[in-house]
Amino acid sequence: MAKLFYWIAPVYTGLIIYFSISDSPAPSVNINNIDKLYHGGAYFIMALLWYFFFYSRFLTQQSRFKFTWKDMVTAWSRTIAIAAAVFSFLIGVIVEFAQEYIAVNRTMDFIDAVANTIGIILAITLIWLLSKRFNTYS
């Protein structure tokens, strides 16, 4: 389990950075502000992946037992959730600045950063709610 998150979170983040800065646009859909939904969804997934990445790294350093994603959700960690949220947020801010100052056909957009942040908040909230649902110790 730990090896999966060891690779998937950084690779996913790298792909988000690459596609956010590259000239290749997202598939066009005739819906107003659909790109904001793309941003929110991408950062929702990113925050989830980094939460599990940080948690699995913590567990592999602390214990010798096997753990599953359900164990990580059930044993909610506010510290790890904050770390995942802050890390994802910082990636989003850096990408927005890169779009303004590095990318050729991209521009920085404050509303994109808001959509990223909403996605992150929803991901952390989902994990917290699932921990309340699955936690049988309280």
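I counted 3 salt bridges, taking one to be a side-chain nitrogen of Lys or Arg within 4 Å of a carboxyl oxygen of Asp or Glu. A caution for myself: this is a predicted model, where local features need pLDDT of at least 70, side-chain atom pairs count only at pLDDT 80 or more, and totals for chains, interfaces and linings use all residues. Residues are numbered from 1 along each chain as its sequence is written, and side-chain values use heavy atoms, with hydrogens and water left out.

**Around Lys36**

I looked up Lys36 with Asp35 and found a salt bridge, the closest N and O atoms 2.9 Å apart. Asp35 is partly exposed at 29% relative accessible area (buried is under 20%, exposed over 50%, partly exposed in between, with a 1.4 Å probe and protein chains only).

Next I checked Lys36 with Asp109: another salt bridge, with closest N and O atoms 2.9 Å apart. This pair links distant parts of the chain, as Lys36 is in helix H2 (residues 34-62) and Asp109 in the loop between helix H4 (78-101) and H5, 73 residues apart. I took helices as DSSP runs of H or I, at least four residues, numbered from the N terminus.

Asp112 sits in helix H5, 76 residues from Lys36 in helix H2. Is Asp112 buried or exposed? It counts as buried, at 6% relative accessibility. Through shared partners, salt bridges join Asp35, Lys36, Asp109 and Asp112 into one network.

How values were computed
Helices (H or I, at least four residues) and strands (E, at least two) are DSSP runs, numbered from the N terminus.
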